[in-house]
Amino acid sequence: MSSPNISRKRRAAVIGAGPVGCLAALMLAKRGWEVSLYEGRSALDPRSSLFKSTAKQRSINLAISHRGIAAMHAIDGSMAQRFMQTAIPMKGRMIHHLDGKLYSQLYDRDGQCINSIDRALLNEHFVDQVSASENIRVFFRHKVQAVDFESKNITFENMNTSRNTTASFDFCVGADGSHSVVRRQLMRVVRMDYQQEYIKHEYIEFKMPASQDHEGHLNFALDPSHLHIWPRRSYMFIALPNQDHTFTCTLFAPSEELDRLNTQNIFLNWFKSNFPDALQAIGEKNLINDFTHNPRSPLICTKSNPYHYKDRAILLGDAAHSMVPFYGQGLNCGLEDVRILDVLLSQESVMSTVSERTVDREDERLMRALSRYSQERHKDLLAITELAMANYVEMRHLVTTPIYLARKALDNLLYTLSSPQYRSLSYLTMLLSTELYAENEPRGWLPLYTLVTFRPDVRYDTVRRTVARQSAILTGVGYVGAAVLLGVAGVWMSYATRSRYR
């Protein structure tokens with residue numbers, strides 16, 4: 001007599017309790033999976049004494065835009081709304097020139113904004129959310145030592161007991177960051193192309209304190225509705241607002257430039273000559289304290305492919321693709337990873353349960369979903385990685401050049417004349433809950449920033465191709481304009497010459 005076909009919930013092990021790992025855990029739990037979320041760092045545990053002290057030593061701001069918001073809405077709309085209540089909308093860039101002049105560059109003609117959100121608060125909200133889920137168990141201070149994808153076991157160092165423990169899984173999600181242990185383990189069984197690059201720039205964090213009025217009320221030292229940029233060709237300084245009226249500031253500069261600033265006085269004089277108004281708002285004492293105590297951090301770019309192994313594992317977020325932060329898309333892209341995976345799981349009708357009789361067999365539906373993820377996502381991840389690097393050149397130098405400003409004005413004029421249909425975020429979140437992207441190519445002329453930041457229905461690779469086509473048109477217009485001007489100049493000179501010798 002055969003044994004009954006008993007089913008149980010699928011077991012997922014999600015490694016990494018940052019925003020991407022937490023959203024992946026919530027997505028799988030919502031689908032009915034039994035999820036275990038593991039994190040090795042005490043600093044991500046809001047209950048840990050290290051949580052706030054560590055957050056102060058690195059960027060506590062994230063710029064979340066439509067892609068990230070749409071991804072959160074696709075998993076849990078009410079959660080997304082709560083998170084956004086802690087965000088500060090930024091409608092554009094405020095360019096700070098060396099002479100003290102300010103120039104506002106709006107992000108979008110329709111008034112759409114990106115949002116400055118506190119990194120520590122975002123992590124805390126996510127951890128609270130996963131901790132409240134009946135289908136999720138959270139394990140902090142559990143550091144991955146090894147993953148056996150064939151036997152479906154993970155070995156952890158339990159840092160609470162200093163002992164190794166083993167946990168089983170049906171499906172493993174690696175969301176453990178740029179230096180992913182899951183990725184290293186996956187490379188043992190997958191013929192993975194992997195590339196890592198440190199760019200020549202590093203960054204240091206600074207805090208701009210709140211100002212006070214004559215009655216002692218706290219105010220922002222700068223306009224909080226902008227992302228502030230001090231572009232200085234090979235380096236730049238930026239500032240993003242916080243809920244407590246402070247600004248989190250970041251200095252990006254070549255490593256050799258920072259090496260030269262090897263004393264407090266040298267650094268102070270250099271900063272004073274390049275960012276005088278920022279120094280006035282921060283204060284010399286605060287600036288030197290942050291320069292002395294905050295670390296210099298590298299900027300890394302990683303690429304990998306494929307992102308999955310059979311029906312057993314997948315890499316999401318920085319574990320799969322680290323990018324430089326100059327488009328503010330690292331977080332947004334990682335959250336979008338989760339949305340894309342969720343849609344593919346639905347499209348392939350992946351079940352939330354597994355039969356004990358077939359548990360050791362490969363799940364064809366899940367394997368198809370993961371394979372499609374690697375195929376669908378790779379070209380998009382390459383595209384945004386390249387776009388992010390190109391945007392650094394724009395932010396630290398091009399935003400102040402006459403050619404850039406003229407081209408941006410022409411870009412916005414064509415955007416207005418072509419009048420592409422405005423798609424609200426609420427409309428897009430509904431669409432993207434069930435679809436990977438919009439079916440058709442975007443219509444009309446759309447600026448690059450709008451496509452990347454405010455059109456999550458357009459995949460990154462389509463953005464790259466669309467902008468390449470538009471740039472070719474603008475270049476052609478420039479050549480035609482130059483030819484016309486040369487022709488007019490030639491006619492004028494010929495006429496002037498004939499008139500002179502008559």
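Predicted model: local features only at pLDDT ≥ 70, side-chain atom pairs only at ≥ 80, totals over all residues.
Which residues are buried in H1?

1. Residues are numbered from 1 along each chain as its sequence is written, and side-chain values use heavy atoms, with hydrogens and water left out.

2. In helix H1, the buried residues are Pro19, Val20, Gly21, Cys22, Leu23, Ala24, Ala25, Leu26, Met27, Leu28 and Ala29, where buried means under 20% relative accessible area, exposed over 50% and partly exposed in between, with a 1.4 Å probe and protein chains only. Because 11 of the 12 residues of H1 are buried, this helix is largely enclosed by the rest of the structure. Helices (H or I, at least four residues) and strands (E, at least two) are DSSP runs, numbered from the N terminus.

3. H1 covers residues 19–30 and reaches 16 Å from its first C-alpha to its last, close to the 16 Å expected at 1.5 Å a residue, the expected span being 1.5 Å times one less than the number of residues. Just after H1, glycine 32 takes a positive phi of about 100°.

4. Strand S18 (residues 235–241) has 7 of its 7 residues buried, so S18 is largely enclosed by the rest of the structure. Tyr235, Phe237, Ala239 and Pro241 point one way from S18, whereas Met236, Ile238 and Leu240 point the other way.

5. S18 pairs in the antiparallel sense with strand S17 (residues 226–232) over 5 bridges and with strand S19 (residues 247–254) over 6 bridges, two strands being paired if DSSP finds at least two bridges between them. Isoleucine 238 in S18 is the bridge partner of isoleucine 229, and phenylalanine 252 in S19 is the bridge partner of methionine 236.

6. The hairpin of S17 and S18 has 2 residues between the strands, and arginine 233 there takes a positive phi near 65°. The hairpin of S18 and S19 has 5 residues between them, with histidine 245 in the turn at a positive phi of about 75°.

7. Ile69, Met72, His73 and Ile75 in helix H3 meet Gly77, Met79, Ala80, Gln81, Phe83 and Met84 in helix H4, contact meaning heavy atoms within 4.5 Å. The residues of this contact divide into 7 nonpolar, 3 polar and no charged, where Ala, Val, Leu, Ile, Met, Phe, Trp, Tyr, Cys and Pro count as nonpolar, Asp, Glu, Lys and Arg as charged, and the others, Gly among them, as polar.
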